[in-house]
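Have the sequence and the model open as you read.

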Amino acid sequence: MAAALHLARRGLGNAWPNPAVGCVLVRGGRVVGRGWTQPGGRPHAETEALRQAGDAARGATAYVTLEPCSHHGRTPPCCEALIRAGVARVVAAMRDPDPRVDGRGLRRLRDAGIEVTEGVGEDAARAMQAGFLKRITEGLPLVTLKLASTLDGRIATASGESRWITGPEARRQVHALRARHDAVLVGSGTVLADDPDLTCRIPGMERAPTLRVVADARLRTPPGAKLVRTARSAPTWLLTGAGHRPAALAPFIAAGVEVVTVRRAPRTMEGGGGLQPRPMLAALAARGVTRVLAECGGTLAAALLRAGLVDRLAWFHAPALLGGDARAALDALGIARLGAMPRFRPLARLAAGPDILTEFERD
C-alpha cells in the first residue's frame, strides 16, 4: 500500500477532476503491475496496472489507494475491470465518498467472490486525497496559501521592491508546489505588480500545464499580461463579477481565457479582488478543481484567511529583516481577541538554500 500511495502522488495536480489513485498488483510475492491516474484523470490507476500485468493479474492481489469506481463515466467501472481480470483479492485504503461510488465498488467486488480488505493505510490516503475529499463533501477545493517573506513577515520594501526576497532554491520549491496543485490563484494586484506566468518550469515536471486563475472583479488585468498572452498554451481562467460589457471581455476570450462569473463582495467588505472568497472557490470546485495554490498578495490572502478557507500554509522565510515600514505579507484580519486567530500546526520544514520552507495545516 505504501508503494501504491507513492504512485498516487504522481497524479497530484495532474489528475483532476478525478482523484489521484495508485494501484499495485502482486502475485506470488512479486509485483506484476502498477499504475496511477493519468493526466486529465484517465486512464485510471487500476486500468494502467491491469494493462501492465496482462494475464499475470489472474489470482493477484490489487492494492488500491481508493475504492475502485463502480459507475460508467468516460471510462468503464474499475471494479468491473478487476473482476474481468480475475484478481483474487482487493485491498483498498479507503472508501470513495463520491455518491456515485460510496461502497458500491467494494460491494460489487464482494458479490463477484473477490476477497476485499478495507482501511489499510487509510490515514495516509485521506491526507493525500484531502483536496478530492473536500470537493466532494464541501463543494470547495483544498487551499494552500503560499507566502514568501522576511523573518518579520515583510514581502516588499515600502516602495514595492520585492524581487527577490527569497533565493533561487526557494523559487524552485514554489514551482514544485505548483506541479502538485490543480490551479494557481492570484489577484489582479499581483498581475499588475509582477506580471507572472505561474507555470512550473522544472524539467520533467511540466506534464499537463497547471491551471492559472486570476481573481479580478473590476477587469484590471491588462490584455497584454503574460497570463493572457499564453492562455492557449497554459489554461487561464478569469474570475470576475457580472455586468461587464461584452467589448471589455472580448480581448480575454479571444486570447483563450475562460471567463467565470462570480458573485461580488458587498461594498462593506474588502479583499478577494472584490469577489466573495467562498463563491469564488466554489466556482472552481464546480469545474473539477480539487487543490488550489494561492500565490496572492496580502489583500486576497487576508480575505481567504478571514473566511476560514485556508487549509494549509507554505511559508518561505528568508533570513533577513525589513522592518515595520515595509509591506506586510497579510492585510488586516480584523482580529480583536487572541482566541479568534487562525491557528495552524507545523507539518514539515525544509531548507531551500539559505531560506526555510515551513508547511502548516489548519489546526
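The largest pocket here has a volume of about 1,200 Å³. This is a predicted model, so local features need pLDDT of at least 70, side-chain atom pairs count only at pLDDT 80 or more, and totals for chains, interfaces and linings use all residues. Residues are numbered from 1 along each chain as its sequence is written, and side-chain values use heavy atoms, with hydrogens and water left out.

**How the spaces are defined**
- On a 1 Å grid over the protein atoms alone, a pocket is an open set of points with protein on both sides within 12 Å along at least five of seven lines, while a cavity is a set where a 1.4 Å probe fits but cannot get out.
- Lining residues have an atom within 4 Å of a point.
- Grid points are joined across faces, edges and corners, and a volume is the space filled by probe spheres set on the points.

**The largest pocket**
- It's lined by 47 residues, and the closest to its centre are Thr190, Asp194, Glu295, Cys296 and Gly297.
- Elements giving two or more residues to this lining include strand E6 (142–150), helix H7 (168–179), helix H8 (188–194) and helix H12 (298–306); helices (H or I, at least four residues) and strands (E, at least two) are DSSP runs numbered from the N terminus.
- The lining splits into 18 nonpolar, 14 polar and 15 charged residues, where Ala, Val, Leu, Ile, Met, Phe, Trp, Tyr, Cys and Pro count as nonpolar, Asp, Glu, Lys and Arg as charged, and the others, Gly among them, as polar.

**The second largest pocket**
- This one has a volume of about 520 Å³.
- Of its 25 lining residues, Asn18, Pro19, His44, His71 and Arg100 sit closest to the centre.
- Helix H6 (residues 130–138) gives the most to the lining, with three residues.
- By class, you'll find 10 nonpolar, seven polar and eight charged residues there.

**The cavities**
- There are two cavities of 30 Å³ or more.
- The largest cavity comes in at about 90 Å³, and of its 16 lining residues the closest to the centre are Leu12, Asn18, Ala20, Thr290 and Arg291.
- Its lining has seven nonpolar, seven polar and two charged residues.
- The second largest cavity has a volume of about 40 Å³, and Val214, Thr221, Leu227, Val228, Thr236, Leu238, Phe252 and Val257 line it.
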